[in-house]
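Trainee: I would like to learn how to read a model like this one, feature by feature. Where should I begin?

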Amino acid sequence: KGQTLDAVEKREAVTKAKRQKAYTDQCQNFDLDSADVAMNSALRNMMAKFKAMIQCDRCGLFFLDEETDELYFHVEEEGANIRFPKTKGIAGLVACSGEPILIKDAYKDARFNQAVDKMT
């Protein structure tokens with residue numbers, strides 16, 4: 001028996017397919033070696049599981065560039081790398097303190113870096 005997908009499942013499937021294609025294109029464009037591809041795949045899987053675990057719409061993984069004292073992350077949909085000082089926003093506070101923070105509504109938190117949010 002065949003199963004039909006509802007509109008939400010279809011939208012999620014299309015979004016996932018687009019992300020997978022963008023990821024494949026990026027790997028080819030940057031000529032990543034197999035170790036980089038494996039690391040990127042592991043990070044993507046980890047983020048997907050974390051997102052499902054905490055039941056959120058979106059999440060991001062920030063990296064610290066110790067040479068420039070900046071936090072950065074890659075936005076798949078836009079194909080952009082976003083960078084900002086490690087002292088900015090909630091992510092900066094976590095990076096500097098080393099302590100995790102769980103915030104129910106970041107938009108209501110004065111520490112939220114809205115400039116970065118607007119770029120994504």
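Mentor: Where pLDDT is low, the predicted coordinates should not be read in detail. Here the mean pLDDT of the protein is 78, and 75% of the residues reach 70 or more.

Trainee: Which element has the lowest mean pLDDT, and which the highest?

Mentor: Helix α1, residues 7-29, has the lowest at 71. The highest, 91, belongs to helix α3, residues 89-97.

Trainee: How many helices and strands are there, and in what order do the elements run?

Mentor: The protein has 4 helices and 3 strands. Read from the N terminus, the order is α-α-β-β-β-α-α. For contacts between residues at least 6 apart in sequence, 23% join residues at least 24 apart.

Trainee: How much of the protein counts as buried?

Mentor: Of its 120 residues, 13% are buried. The accessible surface is about 9,600 Å², and carbon and sulfur atoms account for 53% of that.

Trainee: Which residues make up the largest nonpolar core?

Mentor: The general idea comes before the case. In soluble globular proteins, nonpolar side chains tend to be buried together. In this model the largest nonpolar core has 5 residues: Leu 71, Phe 73, Ile 82, Phe 84 and Val 116. Strands β2 (70-75) and β3 (80-85) are the elements that give two or more residues to this core. Val 116 touches Phe 73, Ile 82 and Phe 84, leaving out residues up to four places away in sequence.

Trainee: Which residues form a nonpolar patch on the surface?

Mentor: Met 46, Leu 61 and Phe 63 form one, and together they have about 230 Å² of accessible area. Met 46 lies in helix α2, residues 34-54. Met 46 counts as partly exposed because its relative accessibility is 42%, which falls between the cut-offs of 20% and 50%.

Trainee: Now the loop between α3 and α4. Is Asn 113 buried or exposed?

Mentor: Asn 113, found in that loop, has a relative accessible area of 19% and is therefore buried; the cut-off for buried is under 20%. Setting aside neighbours within four places in sequence, Asn 113 is in contact with Phe 84, Lys 88 and Gly 89. The C-alpha atoms of Asn 113 and Gly 92 are separated by 9.2 Å, with the two residues 21 apart along the chain.

Trainee: And what does Ile 101 contact, leaving aside its neighbours within four places in sequence?

Mentor: Ile 101 contacts Ile 90, Leu 93, Val 94 and Arg 111. Ile 101 is also found in the loop between α3 and α4. Its relative accessible area is 33%, so Ile 101 counts as partly exposed. Ile 101 and Ala 91 are 10 residues apart along the chain, and 8.9 Å separates their C-alpha atoms.

Definitions and conventions:
Residues numbered from 1 in each chain as written. Predicted model: local features only at pLDDT ≥ 70, side-chain atom pairs only at ≥ 80, totals over all residues. Heavy atoms only, no water. Buried < 20%, exposed > 50% of the residue type's maximum accessible area, 1.4 Å probe, protein only. Contact = heavy atoms within 4.5 Å. Areas by Shrake-Rupley, 256 points an atom, 1.4 Å probe, with all protein chains shown as cover. pLDDT = per-residue confidence, 0-100. Patch = residues over 30% accessible without salt bridge, like charges linked within 9 Å, V, L, I, M, F, W, Y side chains within 5 Å. Salt bridge = Lys/Arg side-chain N within 4 Å of Asp/Glu carboxyl O. Core = buried A, V, L, I, M, F, W, Y, C linked by side-chain atoms within 4.5 Å.
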